Protein chains: 2
Amino acid sequence: MRYAVIGTGAIGGYYGAKLVQSGQEVHFLLHSDYHHVMEHGLQVNSCDGSFHLDKPLVYASTADMPQCDVVLVGLKSVNNHLLPTLLPPLLKKDTLVILIQNGLGLEDDLQQQMPDLRLAAGLAFICSAKTQPGTVDHQCYGYINIGNYSCPDQHIVDQVVTHFNAAGIDAHSVEYHEARWKKAVWNMPFNGMTVALNTQTDLLLANPATRQLIYSQMLEVIHAAQACRVENIDESFADKMIYNTEHMTPYSPSMKLDYEHHRPMEIDYLYTRPLLMARQAGCPMPKLEMLEAELRFLEK
Amino acid sequence: MRYAVIGTGAIGGYYGAKLVQSGQEVHFLLHSDYHHVMEHGLQVNSCDGSFHLDKPLVYASTADMPQCDVVLVGLKSVNNHLLPTLLPPLLKKDTLVILIQNGLGLEDDLQQQMPDLRLAAGLAFICSAKTQPGTVDHQCYGYINIGNYSCPDQHIVDQVVTHFNAAGIDAHSVEYHEARWKKAVWNMPFNGMTVALNTQTDLLLANPATRQLIYSQMLEVIHAAQACRVENIDESFADKMIYNTEHMTPYSPSMKLDYEHHRPMEIDYLYTRPLLMARQAGCPMPKLEMLEAELRFLEK
């Protein structure tokens, strides 16, 4: 099976490099780092053992890339409008495209633009960052859940899960809607609140007022998920997320890093879209609506 | 009639000095500025005409002050626990105490501690600040509404209103509950949001997302007021407040100034108490609950 990685950054770069290391054929699309990685290869500094790819298969344009069986999309979702242009050269009839991105509604939107595409969601639980050209720093965690959105052949999805596990990545096949909403339970409170209050996960939980706020925001997402008929998430999931986060290394989520580095924040798919889905299901999320407004103010 | 001013700052200093200028006898309690004002008097720089009081009647302790007919309290509400100690030397049987402070529940709390006290609320619509020792800068506005809380003799309240007007201050007698809640409609969104987003009133209204947020926070207060049986406030009041604020000078509310100067913020009476009243009336204010939590985080 032949893999492509679109967006060779903290996420795409890490998972792609791990697959190469385990013997898979992976073709990497790069943008700003293309010349650097051509010359110097790809470096992964990882808590699980660092390694270097001397001669990864790198490209500056998908037009130069071969057709692939699986495309891993690690772009920021603010660039998803580029996918209908970027993807076609890579596609065979049965190519599986996995959006390893945060948010809700990503697959819906892309499917509408490309109705024949076979889509899955990748939910990455990982602390990693691209710290300099051609270098991914992987601090901790790394497991990935893959939820089939529109691939009629679940076998291909399972095959990818097998490849990830063979590459030393803990991967599981999960139910798509439940997986995306569950990730939102963590993402929606923590990504925005660390930006709004210029802080990290640990301090938000150490203060009783913001701890309670984070918890109530999690309940908003859980109730909205239930209203959207995703019923396998109950309130105890919020307790679990609080507990897990408390036992994590103090953490700046991706939106906080984007804000600090003056990159666009993924407000659309992380907030605007889920808020719309919740309202349409008759279950608005007022505190997260407020957070969205604060982020819209701060992004200016 | 003899007046006392407790808390000779931006509010107490301004109104007290205006009363002196119009011929009233006013006794001022000062704290940090006592020696300065003893020596140099009290300066009011005002958009309506600046003036100086050469020899105001100033005191460092209420124990040295005479009994008065009216006490104007201009303290920050974070210091209200001092009132049961500060007030008694000033009190005759029928002394009227006017709390010129922001928030809800102020009179309830003080009345519980001093059941015989005759209380009223002063709602000041004024942009003023104490910029240096003994100096009040009055930038604009200045009108005050006085709402009788527990004074059996409305005549005294009306007398005070007459004195304020004679001093060139636009003053009105108003219904207590309606007046406090109406002020909260403006105060709760703008005081906290200017702190949370480190901004001023004009920029909050210029951004469509925060403008909508401010509006929805105002509706939360209006609905809570209605649930608390204060029924003379309808949704159009929010439109009016937005319109008025848009036509005001860009403004940093008092909580923003407190935060900038590392003084304690009046979160208890501006947020915690009204939020409790709203919840008890079955009409929680989720966006303002979130704002309270953000302020609790920021005050650390």
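Q: What makes the largest nonpolar core a nonpolar core, and how many residues has it?
A: A nonpolar core is a set of buried Ala, Val, Leu, Ile, Met, Phe, Trp, Tyr and Cys residues joined through C-beta atoms within 7 Å. Buried means that 20 or more other C-beta atoms lie within 10 Å of a residue's own, with C-beta atoms placed from the backbone. In this predicted model, the largest such set has 190 residues, and V71(A), V185(A) and V185(B) are among those with the most contacts inside it.

The model is predicted: local features need pLDDT of at least 70 and side-chain atom pairs pLDDT 80 or more, while totals for chains, interfaces and linings use all residues. Residues are numbered from 1 along each chain as its sequence is written, and chains are lettered from A in the order in which they are written.

Q: Which residues is V185(B) in contact with, leaving aside its neighbours within four places in sequence?
A: Contact requires C-beta atoms, placed from the backbone, within 7 Å. The residues that meet this for V185(B) include M218(B), I222(B), F237(B) and M241(B).

Q: How many residues of chain A are in contact with chain B?
A: 15 residues of chain A are in contact with 16 residues of chain B. On the chain A side, α12(A) gives the most, with seven residues.

Note on methods: Buried ≥ 20, exposed ≤ 12 C-beta atoms within 10 Å, placed from the backbone. Contact = placed C-beta atoms within 7 Å. Helix = DSSP H or I, 4+ residues; strand = E, 2+ residues; numbered from the N terminus.
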